[in-house]
Amino acid sequence: SSVVGSDGDSDETMSTTAARGLTSQTALGAYRTLLRTVAATFRGDDFTLSAAKREIRQKFEENRTHAGGAALTELIAEAYDAADFIKTQVVQAEKNESGNYTMKIEKHHSDDVPPEGWVPPPPQKCS
């Protein structure tokens with residue numbers, strides 16, 4: 001992290017450094033958001049959580065050398081989109097005592113509006 005002092009740096013240098021700092025913070029924020037999202041989504045599944053964390057770190061390391069600009073902004077946006085997708089579209093299923101799988105559906109999984117023309121299924125009868 002670079003700090004711009006008051007030792008006569010030009011305004012151009014200061015604005016470039018400030019822009020880099022902002023981009024770094026945004027990339028760091030995206031990284032942390034992804035890590036928090038996978039930690040919540042895969043809680044209790046150490047194998048999948050470890051694999052997801054490894055994948056996130058690998059992708060961020062592969063793109064560490066981007067100097068900035070539109071390409072970096074796009075990568076950061078993709079990271080935030082990935083976190084949103086994982087949070088809203090991925091549900092962890094667990095095998096219960098009877099051998100069936102159960103899922104814990106939370107409110108953030110149902111925020112989507114159904115597509116036009118969608119008809120809800122009829123209620124199921126319990127026997």
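1. **Ground rules.** The model is predicted, so local features need pLDDT of at least 70 and side-chain atom pairs count only at pLDDT 80 or more, while totals for chains, interfaces and linings use all residues. Residues are numbered from 1 along each chain as its sequence is written, and side-chain values use heavy atoms, with hydrogens and water left out.

2. **Helix H3.** Helices here are DSSP runs (H or I, at least four residues), numbered from the N terminus. What span should H3 have? The expected span of a helix is 1.5 Å times one less than its number of residues. For the 21 residues of H3 (residues 69-89) that gives 30 Å, and the end C-alpha atoms are 30 Å apart, which agrees.

3. **The buried side of the story.** Buried means under 20% relative accessible area, exposed means over 50%, and partly exposed is in between (1.4 Å probe, protein chains only). Which residues of H3 are buried? They are Leu72, Ile76, Ala79, Ala83, Ile86 and Thr88.

4. **A pair of rings.** Rings of Phe, Tyr and Trp (its six-membered ring) pair if their centres lie within 6.5 Å; planes under 30 degrees apart count as stacked, over 60 as edge-to-face and the rest as tilted. By this rule there is one aromatic pair. Tyr31 and Phe60 form it, edge-to-face, with 5.0 Å from centre to centre and 70 degrees between the planes. Tyr31 lies in helix H1 (residues 11-41) and Phe60 in helix H2 (residues 46-62), so the pair ties together parts that are 29 residues apart in sequence. Tyr31 counts as buried at 19% relative accessibility, whereas Phe60 is partly exposed at 24%.

5. A salt bridge is a side-chain nitrogen of Lys or Arg within 4 Å of a carboxyl oxygen of Asp or Glu. How many does the whole structure have? The search finds four. One of them joins Lys59 and Glu55 at 4.0 Å, N to O. Those two residues are four apart in helix H2, which means that about one helical turn separates them. Lys59 is partly exposed at 39%, and Glu55 is partly exposed at 39%. Glu55, Lys59 and Glu62 are linked in a network of salt bridges.

6. **Glu61 and its partners.** Glu61 meets Arg57 in a salt bridge of 3.5 Å, N to O, and Arg64 in a salt bridge of 3.0 Å. Glu61 is partly exposed at 34% relative accessibility, and Arg57 is partly exposed at 46%. Arg64, with a relative accessible area of 60%, is exposed.
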